[in-house]
Amino acid sequence: MSSVTPRAAVPRLDQPGRLTQLRVARSEWTKLYSLRSTRWSLLAAVFLTIGLPVLFAAVTASHWGSMSPQEQAQRDPLEIALAGVNLSQLAVAVLGVLVITGEYSTGMIRASFTAVPRRLPVLWAKAGVFALVTFVLAVPSVLVAFFASQAILARHDILQVSFSSPGVARSVIGGAVYLMLVGLFALAIGAIVRNTAGGISLFAALFFVIPPLMLLLPSSWQDAIMPYLPSEAGRAVFSLTHGSGSLSPGAGLAVFVGYTVVAMAVAAVLLVRRDT
Amino acid sequence: MIEATGLTKDYGDKRAVDGLTFTVRPGVVTGFLGPNGSGKSTTMRLILGLDAPSGGDVTVNGKHYRDHASPLHEVGALLEARSVHTGRSAYNHLLALAQTHGIGKRRVDELIDLVGLHDVARKRAGQFSLGMGQRLGIATALLGDPATLLLDEPVNGLDPEGIHWIRNLLKSLAAEGRTVFVSSHLMSEMALTADHLIVIGRGRLIADASVDEVVHRASGGAVRVRTPEAERLRDVLLAEHASVDGGEPGLLEVRGLTAEQIGKAAFAHGVALYELTPQQASLEEAFMELTQEDVEYRSPESEVVVEGAVA
């Protein structure tokens, strides 16, 4: 027909590689860092984790003189140091949801599943890479938050805790573990819901709406249910003190990991079964 | 090589693909034709395993697509729906997909140059025009140097230069021995690129034949005859078991006899002929005739296939 020769033939590939889990993980790392939303969310999480404790410490230090002894006694230095985790978990969770729903909303998921037609390696790689990145950023963040807030509160002996005191290191690092697990839980929710708004709403409902609603229940019910909510079980991981209404750090961790594993398993089953 | 047997897909009550059986062979460009909404895109998703069939089976190069050790080396796909994260650059999009198979950065650069996206490779794909998006999709499809190419409406949104480029690319890929399966709702496009056609309508197979055969079948071997003695010739030809239609006076459309047979019969009976023309339908006409019954969406007055309907 046409006598025009093609502008360029397609260059051949010397060695077509096989698909492996490790390679899919590398691919997911590229996907993660190459999006602006990822960089901003992670920056926000780091900023909040460090910034909020610094702010609270500064306010506490400057108002110390005007506080009643009773009020002073209520200040918990570790609560101040980990105050940022309460807010930065939202940034981590939103990113966790987006890591997967962003692919559904843009259609990228079709390209991903064409490259990796067995699909599950994509979920494992997303979870692994995201957990690693979150943890690697969260550990220095909580450490900086702890030592910075302690430095600001240095003048008030009553608010000084040693990192080597029982439970302190566990609580601080627990804050980072909690953030990582929140991210994984949110990622699983995103994979189940496949919709950004829906995923974030579901996460917010579970972590921010349902817990205060529990206070409307009779207190015997509260005591039975509250500690086992994902948010409360997770909180036990990074709380220094554990009253009768909360789980021990180990039990809290086990419960929260349990929720995350179940959510991830549901996500995996649906991911394989559903049409894309 | 793509082999489908009894491939069926239901979405709720609606049957999108209905018992398709066909084979797409290497070495030629196979056109996949059908009106919008006839099930072309669904069939492509079934081939890739993005959707699971409700019945039947489809394999690529002898296996289910998902069972290949190196999927991108088996099939390169350009889907009709956009499959690119809008926030990622073309370069990083290709790199991320390449990395799943251990394909290096050099290959990514080569393909970006090949499809002519060099200047915009670092721009976010969300800012791409339709044509640039198509080029990125083609680079994605070629990433793994695949034995089989699956391209859904590849010329959509391309400028004339780009369309010309695609046509030649498809032909040279087929000439290299690859399986090239290209869907389109545009007959004219397929007439220029395809050697073989698989035509579907409402999810069912209508034709699986070479382009020439499809055209021949549609024209039904009619021969146009112009003669001053139309009535007499009609009787002669009817006696020879031909079927004869007459529109205008002095004009006959004859089926069942070749032009030679008609000429000889006319000569034997002393009928003068002014014109004796075997009718050749255009591929476009052939397509319209084939799919007449199976068009999903049509405008009431013109009965033309509606553009842009979701496939």
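**Ground rules.** I count residues from 1 along each chain as its sequence is written, and chains are lettered from A, with ligands numbered from 1, in the order in which they are written. Since the model is predicted, local features need pLDDT of at least 70 and side-chain atom pairs count only at pLDDT 80 or more, while totals for chains, interfaces and linings use all residues.

**Where the chains meet.** I looked up the contact (C-beta atoms, placed from the backbone, within 7 Å) and found that it takes 40 residues from chain A and 45 residues from chain B. On the side of chain A that touches chain B, the helices α1 (21-33), α2 (36-63), α5 (83-106) and α6 (108-115) each supply at least two residues; helices here are DSSP runs of H or I with at least four residues, strands are runs of E with at least two, and both are numbered from the N terminus.

**B:Gly49.** Is B:Gly49 buried or exposed? I found that B:Gly49 is buried, with 23 other C-beta atoms within 10 Å; a residue is buried at 20 or more such atoms, exposed at 12 or fewer, and partly exposed in between, with C-beta atoms placed from the backbone. B:Gly49 lies in the loop between α1 (40-48) and β4 (55-60) of chain B, and, not counting residues up to four places away in sequence, B:Gly49 touches A:Pro117, B:His64, B:Tyr65 and B:Arg66. B:Gly49 and B:His64 are 15 residues apart in sequence, and their C-alpha atoms are 8.1 Å apart in space.

**A hairpin in chain B.** I next followed strand β1 (residues 2-11) of chain B, which is joined by 7 bridges to the antiparallel strand β2 (residues 14-24); two strands pair if DSSP finds at least two bridges between them. The two strands form a hairpin with 2 residues between them, and B:Gly12 in the turn has a positive phi of about 60°. B:Lys9 stands opposite B:Val17 in β2(B).

**The sheet of chain B.** In what order do the 6 strands of the open sheet run? I read the order as β5-β6-β7-β3-β8-β9 in chain B, with mixed pairing. The edge strands, each pairing on one side only, are β5 (75-78) and β9 (204-210) of chain B. Within the sheet, 4 bridges join β3 (residues 29-33) to β8 (residues 196-201) of chain B, and these strands run parallel. The bridge partner of B:Gly31 in β8(B) is B:Leu197.

How values were computed. Two residues are in contact if their C-beta atoms, placed from the backbone, lie within 7 Å.
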